Amino acid sequence: CQIGGRHNVSLWFVLQDDITLMKDMKLNHYRFSISWPRILPSGQKTELNERGIKYYEDLINRLLDNQITPVVTLYHWDLPQVLQEKYGGWQNASMVNYFNDFADLCFQRFGNRVKYWITFNNPWSIAVEGYETGEHAPGLKLRGTGAYRAAHHIIKAHAQVWHTYDMKWRSRQKGLVGISLTADWGEPVDITNQRDIEAAERYIQFYLGWFASPIFSGDYPQVMKDYIGRKSGQQGLGASRLPVFSPQEKSYIKGTSDFLGLGHFTTRYVTLKNYPSGLGDSYFADRDLAELVDPRWPDPGSEWLYSVPWGFRRLLNFVKMQYGNPMIHVTENGVSEKMLCTDLCDDWRMQYFKDYINEMLKAVKDGVNVKGYTAWSLLDNFEWDEGFSERFGLYYVDFRSKTKPRYPKASVHFYKRIISSNGFPNQREVESWKRKAVETCSSSNQLLAAARREPRGGRDQAWPVHDEV
């Protein structure tokens, strides 16, 4: 979306409209990411885009004017293209310093107003889907090595940014710096079978522990070092494909998180499955396990996303026990539709939020230090390689219209009630919320249907396309 120039007035209105939606829902915080290439097009601080800076300044100021706390993610997968082409992106250790320069600039320009910083969103996906399977940008298939090397540099970059904030900005800005890790829960297929229990433990350690263990404990999980090291030896390699932190690096990385951001959507059953080393290198083969789902689990959204609420409580308790009960902010939790759905009465989403938030509240009663919850997401958006075909938003966005109008789904009204009550008062009241939410969405359906019957042109031409809020 162009910043400045003739689009500036239109952009202001769209921005303000979306903040009005947030205020109406009584949101007390809003999480968004700052685009590295939007601020530094070349990836380096020698070229600064002041119009990009102004966009985020306006967004932050308007949020604060409406008593909404900005929670800022520094890296949600948008690497400046020149750094990929020139250095190989996160395969190269030089990214650590480049990313630190970008973060330092953000602290300098926005830190007097932003008090919650997230360095990376879901680095597992960056490493595995970007450098192992090639599903996401940059689309590299460096099997068995690429993901581990990328993760190694991401962890170092996170630690350096935390130290930069700690030494240079914390005393005057009084903010917090954390990382957001996404993880499914892994449940043993047979809870009496030791091999399944160990496989489920490996699943979590190769997923969440890969990043959390260095940050909270100083090194990779022992099971990762054992399995990858052994398979590397069987493949005739002189060293493990998993990189090694020096003693100084372990000490530097340990403790570099003021809170843990946790994204969670679903659960898998896990069982042992041996992958002979002769089949080749692979992150997935290194784990020696198979993932299964129960066909009875509801699957209203993406093909990978089954509704399994009890896994959320177990994951939260695992974090409490494994990492010393850190402060947790749930940074992503939600469900999508399977297709370009125009039915705004999303009863399955209301049920998903009810079930998952209740499991989180049970975890709080268990003593887990959960301090915040963020639903994913406010608006339907661009879901990476799935494009616009999967919709996670509370608000439906009509992408076919140039104005991208927003229509509230039933879940908007339901979630607003959860916020107002800070939980669930009783079952009868919650069922009343759902009934009233469904009643309101029927009028939104009629508005959307009427808008789609209108000929293209006319009012659809009134505003330029706005891609990101």
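How many bridges join strand β7 to β8, and do these strands run parallel or antiparallel? The model examined here is predicted, so local features are reported at pLDDT of at least 70 and side-chain atom pairs at pLDDT 80 or more, whereas totals for chains, interfaces and linings use all residues. Residues are numbered from 1 along each chain as its sequence is written, and side-chain values rest on heavy atoms, with hydrogens and water left out.

Strand β7 (residues 267-272) is joined to β8 by four bridges, and the two run antiparallel. Strands (E, at least two residues) and helices (H or I, at least four) are DSSP runs numbered from the N terminus, and two strands count as paired if DSSP finds at least two bridges between them. Within this pair, L272 stands opposite L289 of β8. Both strands belong to an open sheet of three strands with mixed pairing, in the order β5-β7-β8. Its edge strands, each pairing on one side only, are β5 (185-188) and β8 (289-292). With direction ignored, neighbouring strands of this sheet are turned by 40° against each other on average. Such angles are taken between lines fitted to C-alpha atoms, for helices over the stretch in contact, and run from 0 to 180 degrees between N-to-C directions.

Two helices lie across this sheet. Helix α8 (residues 194-217) lies across β5, β7 and β8, running at about 125° to β7. Helix α12 (residues 310-322) lies across β5 and β7, at about 100° to β5. Contact here means heavy atoms within 4.5 Å.

A further open sheet has seven strands, paired in parallel in the order β1-β2-β3-β4-β6-β9-β10. Here the edge strands are β1 (29-33) and β10 (370-373), each of which pairs on one side only. Neighbouring strands are turned by 30° against each other on average, direction ignored. Strand β2 (residues 69-75) is linked to β3 by four bridges, and these strands run parallel. Y75 stands opposite F120 in β3. Helix α12 also packs on this sheet, touching β6 (260-263), β9 (328-332) and β10, and its direction makes about 155° with that of β6.

Strand β3 (residues 116-121) holds W117. W117 is classed as buried because its relative accessible area is 0%, and the classes are buried under 20%, exposed over 50% and partly exposed in between (1.4 Å probe, protein chains only). Leaving aside residues up to four places away in sequence, W117 touches I34, V72, L74, C106, F107, F110, G111, Y165, L176, V177, G178 and F259. W117 and F259 are 142 residues apart in sequence, yet 9.7 Å apart in space from C-alpha to C-alpha.

Turning to helix packing, the axes of α6 (residues 123-131) and α7 (residues 146-173) come within 8 Å and cross at roughly 145°. Their contact is made by P123, I126, A127, V128 and Y131 of α6 together with G146, A147, A150, A151 and I154 of α7. These contact residues divide into nine nonpolar, one polar and no charged; Ala, Val, Leu, Ile, Met, Phe, Trp, Tyr, Cys and Pro count as nonpolar, Asp, Glu, Lys and Arg as charged, and the others, Gly among them, as polar.

Finally, helix α14 (residues 410-421) has 12 residues and should span 16 Å at 1.5 Å a residue, which agrees with the 17 Å between its end C-alpha atoms. The expected span is 1.5 Å times one less than the number of residues. In α14, A410, S411, V412, F414, Y415 and I418 are buried. The helix is followed by N422, whose phi is positive, near 55°.
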